[in-house]
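Here is a briefing on one protein model.

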Amino acid sequence: MKPIKPGKFLENASLLNKLRALLISITIVVVFAVLLTVSLVYSRYNSGRLLSQTGVQTDNAASSLANNLNVLEKRFVSIIGTEAFLNKTFPIVTQDAWYGQSSGTFQEEISALNSADYLVSSSLLVSPDQGRIFYSLNTSPRSSLDSLFKKGELADVRGITFLPGRSSPFFSNSDVIPMVFPIRLVGSYFQLNLGDSPSDFYIVILLDADTMRTSLLLSGYQEAIDRYALLSADGSLLYPYTPNEAVREAATEVQSYPDLSAREDVLRENGRYVAVRSLSFGGLYLMGISHTVSFASILQGFLGPIINITLIIILITIILSIVFTNMVTRPIRILLKVVREIEQGTYSGHVTFTSNDEVSQLMNAINEMYDTIQKQIIQIREEESSKYKTELKLLTEQINPHFLYNTLEEIQSEVLRQDTETATNMIQHLAEYLRIGLSGGSDLIPVSSEIRHAQAYVRIMNQRFSQKILFMYRTAPELSEHLILKTILQPLIENSIRHGFGIDASMPSASAPTIEVEIARPEEDVLTVRVSDNGSGFDEDQVLSIMKDNSEEARRHVGIHNVYQRLITYYGEGNIEVSAESIPYYQNTIAFVIHEGRERNK
């Protein structure tokens, strides 16, 4: 075969030097990638700056909102804690006359609450059963106030409580956050209800959500925070009323935190920075959400030059990769092809390289290994052939004595009983049986001889045990001279006679004992052998186990165990299929399917 030349350039260099050349080329490309690296570093710097700003701005916004709510609380106390409010409310609460009072009763206090802070949108005074709501007569609700609160929503409120945001009942396209003060009468004065007792009435201040959002955004770096969200103590979303996907995802992530009060860091979630800060008021938390700086926005100013340089670098990288990797990998691909040919058995000659690198040395080692393997294969085949012949001979010889000893003992018994005719017939049948069985030392005999061999055995057994066993066989004329492994019918017939027809069996014998043998060729290179009887039957699984199992217990059943072992030894285990079916006193069958055309896996 013509030597293969991997190329003149670095032809005799070692594989290590070739790889070094490739690494040098990659290093050159990396130098041109510095521009991209600088851009990435700048992007990381901007991300860090935005991360810090998100935390600082959320801190400032939380502090500002907490101050507003504290001021609002103090203003609420100064308005509601007056003697005039007590005088107006006391008769209503004590006389349970909520439905008989005019809405103008609390106008002065409601108006004062409306102007308590710029975050206040409007104020309400709500009866315990939420059936009566007092509001400023200067405003007119867009719809009935009955739908403002869910039924029983205020019943469990204790202490200052913030409810989830909802549409304003007075102003269209405006959202509000209800701030609820539950009030109960204690003696002759009112106080904030913090216990389990029911409240006598509720004062609800509706905070303007749009004004709150504007106030929060103006409290720090406007370009850092995209949006804010107000959370309750358990992480539930109070504001915004209709959150977008970014707010919903951030709120869901925050709700999984075991303790919101311990989160003082800024987290990066799904491409956003999220900061959560406690307001130290009403159990509220403020969540600030900012977007991360995209790499495209940073490169916007010099995107064109970077793209051009990148394209040039890619082109150089492709050219260098093709040149150097082909120089290194082509011999390896050839080496891989040789190994696959050896594996598939199609390697016909030695492949050699003119270079003296590691791949060439490996190729030489593979050639030497291939030669050694071929020699070992030839030696193994010779040893396996000898082993196979010896094993088959031992199995065959194990059957003949088994039957011969029993028959000779029976002939001896007949002679002792002076039944010379029976003894003579048995000797004649035994002679035919042995002549066919020995077959000049050949392992294969014609199908017709195998059937005569089985027939001679049945006659011997009939005379031995005074039986009238009917022996029938079916075979196609063209199979008469077809060669088959000898002595495979006799052990199966012996099993039927001894165990199926009452000899050596505890079951009663059939009234008309019959053995049928069928040898057929259902398709090319496939031979089927079936032996059936109408005896007492057998355990199908046990028979198959005796045949296939190679344990000491199975080997005690010399006959049927050896039949299967001899078949798989000669034809190969993958070419033999065995089945067993038993219907007692009707048909009990052991069948073999022999694939003669397949390669023998000896």
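Helix α12 covers residues 489–500, and its length checks out: 12 residues at 1.5 Å a residue should span 16 Å, and the end C-alpha atoms are 16 Å apart. The expected span is 1.5 Å times one less than the number of residues. This is a predicted model: local features need pLDDT of at least 70, side-chain atom pairs count only at pLDDT 80 or more, and totals for chains, interfaces and linings use all residues. Residues are numbered from 1 along each chain as its sequence is written, and side-chain values use heavy atoms, without hydrogens and water.

**Helix α12**
- Because 10 of its 12 residues are buried, α12 is largely enclosed by the rest of the structure. Buried means under 20% relative accessible area, exposed over 50%, partly exposed in between (1.4 Å probe, protein chains only).
- Among the buried residues are L489, E494 and R498.
- G502 follows α12 and has a positive phi, near 95°.

**Aromatic pairs**
- The structure holds seven aromatic pairs. Rings of Phe, Tyr and Trp (its six-membered ring) pair if their centres lie within 6.5 Å; planes under 30 degrees apart are stacked, over 60 edge-to-face, the rest tilted.
- F190 and F201 pair edge-to-face, at 5.2 Å centre to centre and 85° between the planes.
- That pair links strand β6 (F190) to strand β7 (F201), 11 residues apart.
- F190 is buried at 16% relative accessibility, and F201 is buried at 0%.
- F471 and Y473 form a tilted pair, with 6.1 Å between centres and 40° between planes.
- F471 is buried at 13%, whereas Y473 is partly exposed at 43%.

Conventions:
Helices (H or I, at least four residues) and strands (E, at least two) are DSSP runs, numbered from the N terminus.
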